[in-house]
Amino acid sequence: MRCIILKNIIRRFLGPPATANPKSKQDNQELNTLRALAEKGEWKQLEEKAKNSLSSDASNCGETIGLLSYSQQQLGHYDKAVEYALKAIELSPSTWLPNFIAGVSYKKLNQASAACDYLRRASTLNPKDQQTLTQLLEA
């Protein structure tokens, strides 16, 4: 069940797997690798590969940072999850996952006001998502 939830979260955030594009074929391969690691729940590997991808100046920077924030949240590193989520939000403010991760991570850090702010944003971006609504009610 957990694996199905992880796959759904990744697909809601990133959409379908990246397709081959001559201009960014390597970036798409790297992003698909990161997605596969997230779907499997291999957070340490995802963290390492995402950081390497960012240091190689990948063009999918916002998505990579979003996945990195997700891995940090899953590893229980909530302060780092917030840091990366905020960077991802800067690059793509209308993306659901980094707003959701920031909200959940702020909640874990006992920062209810910030948690509610980001969970409200996530709820606005994806109003039908039950996880977001549940987290918001519990914040």
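This is a predicted model: local features need pLDDT of at least 70, side-chain atom pairs count only at pLDDT 80 or more; totals for chains, interfaces and linings use all residues.
Let's start inside. The largest nonpolar core has 29 residues. Among those with the most contacts within this core are L46, L67 and L97, along with F100, I101, A102 and Y106. Which of them gives the most? That is α6, with seven residues. Take A102 as a close-up: leaving aside residues up to four places away in sequence, A102 touches V82, A85, I89 and Y118.

Now for the helix pairs. The table puts the geometry side by side.

| Pair | Axes come within | Crossing angle | Hand |
|---|---|---|---|
| α6 and α8 (130-138) | 11 Å | roughly 30° | left-handed |
| α4 and α6 | 9 Å | roughly 25° | left-handed |

On the α6 side, W96, F100, V104 and K107 meet Q131, T132, Q135 and E138 of α8. Sorted by class, this contact has three nonpolar, three polar and two charged residues.

The axes of α4 and α6 cross at roughly 25°, so α4 is roughly parallel to α6 as well. Here G66, S69, Y70 and Q73 from α4 meet L97, I101, V104 and S105 from α6. How many charged residues does the contact of α4 with α6 have? None: there are four nonpolar and four polar residues.

Terms used
Residues are numbered from 1 along each chain as its sequence is written. Side-chain values use heavy atoms; hydrogens and water are left out. A nonpolar core is a set of buried Ala, Val, Leu, Ile, Met, Phe, Trp, Tyr and Cys residues joined through side-chain atoms within 4.5 Å. Buried means under 20% relative accessible area, exposed over 50%, partly exposed in between (1.4 Å probe, protein chains only). Helices (H or I, at least four residues) and strands (E, at least two) are DSSP runs, numbered from the N terminus. Contact means heavy atoms within 4.5 Å. Axes are lines fitted to C-alpha atoms, for helices over the stretch in contact, and angles run from 0 to 180 degrees between N-to-C directions. A crossing is left-handed if the near helix is turned anticlockwise from the far one by less than a right angle, and right-handed if clockwise. Ala, Val, Leu, Ile, Met, Phe, Trp, Tyr, Cys and Pro count as nonpolar, Asp, Glu, Lys and Arg as charged, and the others, Gly among them, as polar. Angles under 35 degrees count as roughly parallel, over 145 as roughly antiparallel, 65 to 115 as roughly perpendicular and the rest as oblique.
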